[in-house]
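Me: I have a structure open that I have not looked at before. Can you walk me through it while I ask things as they come up?

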Amino acid sequence: MSFTKVPKPTFISAEETSITFEVIAEEVQLGVKSYDVYYKQHAQPWDVAACKTIDAQQGTKDKVVCTLEELIPGTPYCIRIVVRLESNETSEPGPEMVVDTASIDCNNSGPCCTIQ
């Protein structure tokens with residue numbers, strides 16, 4: 001089976017130690033088992049990236065939400081998706097999303113983050 005376009009993560013929110021995003025499939029892909037979410041600190045190479053697997057059935061037909069937790073405050077992270085089929089065949093990694101976790105606020109102005 002060939003892959004349609006691998007989705008780019010879509011930003012929802014960032015806190016000091018977590019990033020929440022959604023994976024939106026542009027087309028319904030039959031046979032999708034899961035999405036492997038690879039994430040790393042921006043300066044690190046991809047070969048040291050952590051991976052979190054999201055079951056494609058946990059969301060709606062065309063969207064799943066994921067939260068990465070226990071991250072370092074004020075740190076930029078790169079996130080990309082690999083699609084895994086029922087046959088365990090995997091796609092090439094999709095486009096990257098770069099997000100900063102929120103900085104710890106010392107001025108009571110609220111947390112902030114940067115999205116690229």
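Me: What stands opposite Thr20 in β5?
Reply: Thr67 of β5 is opposite Thr20. Keep in mind that this is a predicted model.

Me: How many bridges join β2 to β5, and are they parallel or antiparallel?
Reply: There are 6 bridges between β2 and β5, and the two strands run antiparallel.

Me: Which sheet do these strands belong to, and in what order?
Reply: They sit in an open sheet of 3 strands with the order β1-β2-β5, paired antiparallel. β1 and β5 are its edge strands, each pairing on one side only. On average, neighbouring strands of this sheet are turned by 20° against each other, ignoring direction.

Me: What joins β1 to β2?
Reply: A hairpin does, through 4 residues.

Me: Is β2 mostly covered or uncovered?
Reply: Mostly covered, with 5 of the 6 residues of β2 buried.

Me: And β5, which residues are on its covered face?
Reply: Val64, Cys66 and Leu68 make up the covered face of β5. The uncovered face has Lys63, Val65 and Thr67.

Me: Why does Cys66 count as buried?
Reply: Its relative accessibility is 3%, and buried means under 20%, so Cys66 counts as buried.

Me: What about Cys78, buried or exposed?
Reply: Buried as well, since Cys78 has a relative accessible area of 2%.

Me: Switching topic. Which strands make up the sheet of 4?
Reply: That open sheet has the order β4-β3-β6-β7, with antiparallel pairing. The edge strands are β4, residues 50-55, and β7, and each of them pairs on one side only. From one strand to the next, the twist averages 30°.

Me: How many bridges join β3 to β6?
Reply: 9 bridges join that antiparallel pair, β3 and β6. As an example, Tyr39 is opposite Ile79 in β6.

Me: What holds strands of a sheet together in general?
Reply: Strands of a sheet pair through backbone hydrogen bonds, in a parallel or an antiparallel way.

Me: Now the core. Which residues touch the most other members of the largest nonpolar core?
Reply: The largest nonpolar core has 23 residues, and the ones touching the most other members are Ile19, Phe21, Tyr35, Val37, Leu68, Ile79 and Ile81.

Me: Which strands supply at least two residues of this core?
Reply: β2 (19-24), β3 (32-41), β5 (63-68), β6 (76-85) and β7 (97-100) each do. β6 gives the most, with 5 residues.

Me: Why would nonpolar side chains be buried together?
Reply: As a general point, that is what nonpolar side chains tend to do in soluble globular proteins.

Me: Back to Tyr35. What is Tyr35 in contact with, leaving aside neighbours within four places in sequence?
Reply: The contacts of Tyr35 include Pro7, Val23, Ala25 and Val64. Lys52, Thr53, Ile54 and Ala56 are also among them, as are Ile81, Val82 and Val83.

Me: Last topic, the loops. What is the phi of Glu70?
Reply: Phi of Glu70 is near 60°, a positive value in a residue other than glycine. Glu70 is in the loop between β5 and β6.

Me: Is Glu70 buried or exposed?
Reply: Exposed, because the relative accessible area of Glu70 is 77%, and exposed means over 50%.

Me: Where is Asn88, and what is its phi?
Reply: Asn88 lies in the loop between β6 and β7. Its phi is near 70°, again positive in a residue other than glycine.

Me: How does Asn88 count in terms of accessibility?
Reply: Asn88 counts as partly exposed, because its relative accessibility is 42%.

Terms used:
Residues are numbered from 1 along each chain as its sequence is written. This is a predicted model: local features need pLDDT of at least 70, side-chain atom pairs count only at pLDDT 80 or more; totals for chains, interfaces and linings use all residues. Side-chain values use heavy atoms; hydrogens and water are left out. A nonpolar core is a set of buried Ala, Val, Leu, Ile, Met, Phe, Trp, Tyr and Cys residues joined through side-chain atoms within 4.5 Å. Buried means under 20% relative accessible area, exposed over 50%, partly exposed in between (1.4 Å probe, protein chains only). Contact means heavy atoms within 4.5 Å. Two strands pair if DSSP finds at least two bridges between them. Axes are lines fitted to C-alpha atoms, for helices over the stretch in contact, and angles run from 0 to 180 degrees between N-to-C directions.
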